[in-house]
Amino acid sequence: MRHSVNTAALRKSFSRVYIEEAALSHDKTARILSNLPDVTPVTVKDYKHVFNRPGQNAALQKQAPALILAVKKPPYLYAGAPVCQSFGEAHFTYTSCAMNCPYDCEYCYLQGMYPSGDVVLYVNTEDIFAEVRRVLKEHPLYLCISFDTDLTALEPVTGYLKDWAGLAAEEPGLTLEVRTKCASYDSVAVLPVLRNMIFAYTLSPDAVIRAFEHRTPSLERRLAAVKQAIHDGRQVRLCFDPMLHIPDFAEVYGTFFDQVFSEIDAEAIRDASVGTFRIGADYLKRMRKVRPSEISYYPYTLSDGVYQYSPAENTTMLRLAREKLLAYLPSDKLFFWEEMT
Amino acid sequence: MLYVCAASETLSRFPADFIQLNRDSQTDVLTLENVTPDFRPSPSDAALLLAPVPAGMPEKACFRVVRLTDAGGRDRYPDLLTASSFPDAVLHYGPETAETVALYERLASHFPPERLQVYLCPGDAEILKAVLSEAEAFVSLPASAEPVLNASEQALLTSLCGQFYASDAMKEELERLLIYLHFHCADPTETVSRFMKDCPPVRNRKEGKACLASFREYCSLT
C-alpha cells in the first residue's frame, strides 16, 4: 500500500527533534514544537554536528527523518541557478528557510546536495525577511521560497507560508514562488489571495509518481488542489519538470498532458514550465553513491558540468511537450528549459 | 527478523509495553542470556543491541555506537558502523561500558558488523520507539557494503571489459551502464546479449571505444 505524507502523518513522522542552542529561545521554535507534541527534543550545540556528520545514510534517514531547528547565518538570498527556470525574471532569486523535504523523489537533487536525509528548519525567518526588505529598496524581487524543500507540505508544522504571505501582502515589489507537490489544500486555503504569490504545482504522470516520487500525492489529488487554488483566485503555475525519459515516454506524457487539461482550465493558470531532468555533475556523483537507481545511473550526457539527456532525447521530449501544450496554452504562457550546450 | 537484544537487567528497565510491542513476526526480543553458541540467525537477520546511557552522556539522548576503543584509545571494533540519524558516540571501553562490550562480543560472533547496531539509550519509551523504528528501517535495507551488481552481472562486466579492451575509464562507464540495466531491465544479461549479437567484432581499444558508445546509446533506448 502506498502512503503519501499527509498532515497527521507529518506531525508524527519526525521521531526526534534536535534544537541548536542558538534556536532554543526563538519564538518560532516554540511555535514549531507546539505542533509536534509527541517528540522528544535533544539540544545540540551546532545543527551541523547532526546534519553534516560523516557516515550518514540519507536514504535510511528518509524513512525516519529527524527534524533539526537551527539559526540561519547569512547569506539569506541566493541568485537562481542556471539549471533552474527563471521565467524571464530579471531578479531571479531563491532562499532556503528549510533544507530537505518530507517527500522522497528518486531524482531529487537534494540527495546530492545534502549529506543527510533529516529536515532542517531555520527559525530566524525574520532575518531573511529583513534582507528581502533591504533588497526591495533597490529593485523588485522574484523570490523562490520552496526550492530546497516543500514549504506547503511542512506548513502544518511551521506556519512559514502564512508568514511569507504576510510579507508579500505588505511588499508589492516582491513576487513569491511556492513550488510544491503537496495536495493538502487546508494550509493554503487560509492564506490571503495575493497577486504576487504564485503556487507552482509540480505535476507528473501517475506512472512516474508511482515509480519515482515516493510518499507524494497522486496526480488526481494534486489536480484537485490545483483546481481549488484556481477556484480561490490564486496565481497558479503548472510545472512539468522534470520530465523523465521513461519507456513509452511519448504515450505516457501525451496522455498525461491531455488528462491535466481535461481537468484544469488552461485560461485560469498563470503559466507553465517544462524541463527535462538535469543535474549538476557533483550532485549526480553523490546521488549514485547514496542511491543507486535507474535515475542516477542513466547514461546522461555531460555538458558544462550538468548531466542531462542527450540533445536528441531532449529534442524529442521537448518537442512532444511543446506540441501537446500549445494545443492548450498560448506560447507566451509556456516556459521551456532548454538543454545547456 | 530484527533481534532487539539487551541484558535482562537492561530489559527490566524498559517499559513493559515496549517489550510487548516488539513481539511480532518481524521483531523478536532477545536477552543476552539466550544468545548461546548454538544460536543461528539467518544471513538476512539483524540485531539491535540496546545498552544504558553511560554516565556523562545526556540522559534523554540516544547515541549510536560507531567505535569501541580501549582505555588507550585504540580501536577495538573499528568496523562497527551502521547508518543512523542519531548522534554518534565513541564508546570507551571501561567499567561503565562493560555490559555493552560483553553484549557486543557475544552478538558479534553471530552477526556480521554491517548487520549489528549498538545504541546507548535510556529506558524512555518514546526514545526506544524511535530507535526501533530506525532499526527496522535499517534491517530492510541491504548491507551498505553489498555491491549493486550480482555475481552474474559482475561476471558480465568482466567479460565486457575483456571484449572491449577496456581502459579503467571505460571499465567505470561499463559498470555504470550495467548498474543502470540492473535497475531498469528484468534481465540485464539478456539485454546485453541482444546488443552483443549485433555488435561488430572488436579487435582493439579504439574499436572497443566505438562499441562502448553504441552500447551507451543502446542502453538509453532500452
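Among contacts in chain B between residues at least 6 apart in sequence, what percentage join residues at least 24 apart?

Tutor: Happy to. This is a predicted model, in which local features need pLDDT of at least 70 and side-chain atom pairs count only at pLDDT 80 or more, while totals for chains, interfaces and linings use all residues. Residues are numbered from 1 along each chain as its sequence is written, chains are lettered from A and ligands numbered from 1 in the order in which they are written, and side-chain values use heavy atoms, with hydrogens and water left out.

To your question: of the chain B contacts (heavy atoms within 4.5 Å) between residues at least 6 apart in sequence, 73% join residues at least 24 apart. From the N terminus on, their order is β-α-α-β-β-β-β-α-β-α-α-α-α-α. Of the 222 residues in chain B, 48% are buried, meaning under 20% relative accessible area, with exposed over 50% and partly exposed in between (1.4 Å probe, protein chains only). The chain exposes about 10900 Å², 53% of it supplied by carbon and sulfur atoms; such areas come from the Shrake-Rupley method with a 1.4 Å probe, and for residues only the protein chains shown count as cover.

Now the cysteines. The structure holds one disulfide over all chains, that is, a pair of cysteine sulfur atoms within 2.5 Å. The bond joins B:C199 to B:C211, S to S 2.4 Å. B:C199 sits in the loop between α7 (188–198) and α8 (205–221) of chain B, and B:C211 in helix α8 of chain B, so the pair ties together parts twelve residues apart in sequence. Both B:C199 and B:C211 are buried. B:C185 and B:C219 are another matter: the sulfur of B:C185 has its closest cysteine sulfur in B:C219, 7.5 Å away, which is too far for a bond. B:C185 is buried at 13% relative accessible area, and B:C219 is buried at 0%.

The nonpolar core leads us to chain A. Such a core is a set of buried Ala, Val, Leu, Ile, Met, Phe, Trp, Tyr and Cys residues joined through side-chain atoms within 4.5 Å. In the largest one, of 112 residues, A:W164 and A:F240 touch the most other members. Helix α6 (residues 168–184) of chain B gives the most to this core, with seven residues. A second, separate core of 38 residues includes A:L110, A:Y122, B:L116 and B:V118.

A:S273 is in strand β14 (residues 271–276) of chain A and is buried, with a relative accessible area of 1%. Strand β14 belongs to an open sheet of eight strands in chain A, ordered β4-β5-β9-β10-β11-β13-β14-β18 with mixed pairing; two strands pair if DSSP finds at least two bridges between them. At the edges stand β4 (78–79) and β18 (334–337) of chain A, each with a single partner strand, so one side of each is left without a neighbour in the sheet.

How values were computed
Helix = DSSP H or I, 4+ residues; strand = E, 2+ residues; numbered from the N terminus.
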